[in-house]
Amino acid sequence: MNGRLASLVLAALVLAGPAWAQNPPEPYVIGGIFSITGPASYLGEPERNTLQMLVSEYNAKGGIKGRPLKVVIYDDEGDVTKARLHAEKLIQKDKALAIIGPSLTHTSMAVLPITQKARVPLISCAAGIEITHPAAERQWVFKTAQTDAMAVNRIYQYLKKHNLSQVAILTVSTGFGVSGRKQLTEQAPQFGIKVVADEVFGEKDTDMTPQLTKIRNTPAQAVICWGTGPAPAIVAKNLKQLGMKIPLIQSHGAASKKFIELAGDAGEGILLPAGKLVIYPSLPDADPQKAVLARYDEAYRRAFNAPASSFGGYAYDAMKILAQALEQAGPDPDKLRAAIENTKNYVGVSGVFNMSPEDHNGLSPEAFVMVKIDKGEFKLAE
Amino acid sequence: MWGRGRGLAAPAPSPAGVHDTVETLAALFQYLISGLTNGAIYALIALGFGIIFNATHIINFAQGEFVMLGALMAISLYQAVPWLPAAFVGATLAVTLLGLVFERLALRPVRDRSPLTLIIITVGGAVLLKGLAMLWWGKEAYNLPPFSGAQPLHLGPATLLPQNLWVLGVAALLLAGLEAFFRLTLTGKAMRACAYNPVAARLVGIPAARMVQLSFALSAALGAAGGILIAPLTLGVYDMGTMLGLKGFSAAILGGLGSSLGGVLGGLLLGVAESLASGLISSGYRDAVAFFILLVVLFVRPQGLLGGKP
Amino acid sequence: MKGRRPALWGGFVLALALLPLWLRNDYYLSLLNFIGIHTILVVGLNLLMGYAGQISLGHAAFFGVGAYTSGILTATYGLNPWLALAAGLVLAGLLAFLIGIPALKLRGYYLAMATLGFGVIVYIFFVQAQRLTGGPSGLSGIPALALAGFAFHSPLRLYALIWALALGLLAVSAGLVDSRLGRALRALHDSEAAAESLGINTQRLKLLIFVWSALYAALAGSLYAHTLNFIAPSSFDIMFSIKLVTMVVVGGMASIWGSLLGAGVLTVLPELLVVFHDFEVVIFGAILMVVMIFLPRGLVRGLLDLWEYRHFRREGSARG
């Protein structure tokens with residue numbers, strides 16, 4: 001019995017080709033650095049899950065170019081020192097070909113001097129524009145998350161169409177909120193919009209009625225809130241408490257089922273720019289992203305028994321772009337980098353990517369759609 | 001509402017001026033409501049600090065975590081049995097028990113009872129409880145439904161939620177009950193005696209160890225109640241306790257550590273100051289304002305507003 | 001005891017010098033560099049906590065002031081990094097002096113809360129003063145330190161610099177502890193009233209040691225900024241202050257060598273336990289409690305005490 005099994009295995013190995021029969025092929029090592037615990041765990045967890053899921057999918061299909069993938073993922077807890085150490089470990093010890101992550105702008109900024117020097121492609125999952133800008137200086141750095149500029153662009157397009165020209169902005173004091181605030185104030189004049197109130201709140205604040213009361217006393221026609229985690233839901237509740245009837249617009253940081261659940265009744269009617277993942281069933285079939293989104297969501301639900309989030313999508317796109325480049329160019333760092341930079345018409349979760357030497361993100365504002373919360377569901381607003 | 005922008009731009013200056021004054025007053029009133037609601041929670045936490053301090057001369061830096069545990073346990077219980085009174089009582093009892101366990105395991109075995117040691121132990125306890133809560137409940141926030149409806153009430157020019165009234169009402173009841181307990185019951189008087197003079201109290205046969213346990217139970221219960229009251233407004237999340245605990249402690253020091261009236265006054269003052277600061281000065285420095293007040297009090301009058309000599 | 005000292009120092013210096021030959025990997029060197037930076041911080045805090053008996057729950061603030069002064073002056077204003085480092089020391093020292101005068105009149109819990117409040121305010125300042133500090137997304141483009149054209153930009157070169165400074169400060173601290181000042185500090189730790197009656201100006205002594213330990217923190221902060229070339233406020237929050245206290249506690253209060261150990265163990269542990277990252281916070285909390293309850297003299301000293309206690313009891317019972 002045992003002998004027969006062994007000869008079967010041997011036969012299979014011989015049939016599979018000489019590469020298999022000798023020693024097993026060296027895997028391609030892919031590194032991941034995510035904020036799996038700590039305040040930004042809502043980003044890191046789905047990112048890690050997605051990366052692990054994709055890698056086992058590739059391996060089930062025989063890897064890339066006949067070589068399996070090995071993924072090494074570390075948790076930076078949102079801490080820059082840890083992110084830096086993990087990047088060095090991935091490069092020096094694990095000999096990673098490329099690194100996916102980190103999840104946050106500040107951890108990405110801490111890591112990139114190292115990856116640049118080591119000439120290892122880094123595909124960040126964070127939103128900050130400064131990560132890949134200017135691309136000429138950040139040759140080895142790419143990112144798959146939409147930048148805030150695009151979300152702001154989408155919101156202002158919408159406001160302009162609806163003739164709302166005076167807005168109040170309420171932003172969180174984190175990298176995400178500060179970057180959103182900058183874009184909101186800088187882009188306003190282009191759309192003929194005036195920012196009449198500019199308030200901030202802390203990431204863990206639990207009562208924003210003072211800021212909203214202040215906004216109530218301005219001629220604002222809409223409130224734009226820029227935050228992540230539970231705070232945006234509290235803003236929605238506070239707005240309702242104060243009986244303010246002007247529309248509330250949230251950022252893509254609130255584009256999750258969790259937000260709808262936390263905001264409850266107060267969430268009804270809220271507008272926000274979101275990646276298409278949250279509303280993919282209602283997309284027209286002609287939309288090229290629809291099939292990709294459905295596949296990702298279904299696979300994620302099967303593997304983790306939870307709906308996919310657009311944050312996990314950042315890691316999804318990063319891994320797919322990297323895999324494409326590996327298929328094309330192989331593991332040579334310079335060729336791999338050039339192949340990533342040449343990514344064209346890749347249809348991903350966050351949008352359609354067209355990278356270039358000047359643009360290491362490759363997304364356009366069309367990556368976002370405006371959605372509205374209607375009876376506890378996201379619906380297309382336009 | 002959508003037209004208010006045009007209303008403000010009315011050409012005649014004097015009606016607009018009157019309008020402005022009314023709006024400013026309305027805003028001030030709104031800040032006050034928000035400040036008093038948060039302040040009531042700070043007061044409950046401050047009293048928790050005070051009770052333990054009086055009985056043991058320990059500052060329990062894990063006090064804020066009791067607040068978080070109260071909120072999250074009530075949310076879990078409510079998910080199992082959707083009846084709020086049961087969730088409230090159940091969660092408060094569970095946290096009370098936890099307070100007793102904390103005292104037994106973390107503080108009673110300590111031999112070196114210097115403040116430095118005790119600070120580090122209770123800070124460690126806070127970190128540990130927070131970490132365990134993160135493992136148990138995850139990192140997400142949860143909703144607890146308001147005690148009665150979410151329809152805002154109009155109180156003159158300001159609006160508030162029924163939950164704001166619940167917070168203020170239940171907090172006032174708890175504070176009054178506590179004061180009655182300390183003044184009128186034998187056990188309460190015994191606890192006060194221990195606070196004034198532990199040696200003498202022991203000489204007259206008051207079981208000091210029992211009083212210490214009772215103080216931990218009471219302050220855990222107060223913290224938990226505060227957490228459950230505020231959860232419908234602020235949501236419940238594993239890391240909500242740290243800041244609340246620190247603010248509660250600031251309130252206790254502001255009012256005078258160990259004085260119950262001082263704790264209440266300190267809590268309300270701190271809440272209102274914070275709310276006014278974020279409304280009138282800058283919302284970014286809200287927490288800085290609370291701690292700045294704390295520093296000023298510590299440096300100028302460390303015994304607090306109503307405290308005796310420290 | 002005294003006779004063992006030179007051998008200990010010699011062995012340590014030799015080990016430090018030989019370590020890079022064995023660890024050819026930049027990752028390990030970087031890890032050692034962070035241990036070095038943490039050692040400087042912890043030795044300073046230990047002088048305050050272990051020897052003078054005063055707590056600080058806001059030491060991350062001085063670390064941050066050092067880091068941000070260096071970062072802002074070099075990255076934004078192009079100042080010479082060494083001048084920036086000196087400016088960071090001056091600013092942190094001044095801040096410690098100003099805050100120390102009223103704060104150190106307080107005792108126990110009040111001092112703990114005052115330093116904590118100070119730490120929170122400084123942290124909020126780093127986050128909010130965006131024009132100056134770059135806000136929460138951080139400040140990038142901080143250059144490396146350089147000495148006469150020799151830039152400390154690789155982990156190996158930084159290793160030499162950081163550990164030379166750490167070693168120097170360990171030696172200075174050890175000397176300080178053995179001096180008259182050190183004896184005065186211990187008197188202060190045991191009883192402030194008794195120290196006062198011995199003619200020690202306790203207020204001045206406390207202030208001196210507070211400023212001194214803030215200077216260590218600021219130096220560590222500058223080194224940190226030039227090592228990472230990037231800083232963000234999240235490295236200087238209350239949790240980091242608490243981690244520093246944990247390092248002091250694990251290494252053992254009033255132990256210079258323990259500081260090295262505490263910094264080493266708690267910097268390496270999270271790296272080794274990456275698999276358990278979810279538990280890291282729980283482990284930190286548990287360490288603080290268990291060590292302080294059962295081994296208040298620190299992990300190593302405590303374990304040694306336990307061993308000696310067992311040992312002597314056995315000897316005693318054998319004799320009896």
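Is A:Lys65 buried, exposed or partly exposed, and what is its relative accessible area? A:Lys65 is partly exposed, with a relative accessible area of 44%; buried denotes under 20% relative accessible area, exposed over 50%, and partly exposed the range in between (1.4 Å probe, protein chains only).

The model is predicted: local features need pLDDT of at least 70, side-chain atom pairs count only at pLDDT 80 or more, and totals for chains, interfaces and linings use all residues. Residues are numbered from 1 along each chain as its sequence is written, chains are lettered from A and ligands numbered from 1 in the order in which they are written, and side-chain values use heavy atoms, with hydrogens and water left out.

**Backbone geometry**

Most residues other than glycine have a negative phi, and most peptide bonds are trans.

In chain A, A:Pro102 occupies the loop between β3 (98-100) and α5 (105-118), while A:Pro134 is in the loop between β4 (122-124) and β5 (141-143). Helices (H or I, at least four residues) and strands (E, at least two) are DSSP runs, numbered from the N terminus. A:Lys65 lies in the loop between α3 (41-60) and β2 (69-75) of chain A. C:Ala148 is located in the loop between β2 (146-147) and β3 (150-151) of chain C and is exposed, at 87% relative accessible area.

**Cysteines**

A search of the whole structure returns zero disulfides over all chains, a disulfide being a pair of cysteine sulfur atoms within 2.5 Å. A:Cys125 is buried at 2% relative accessibility, and A:Cys225 is buried at 0% relative accessible area.
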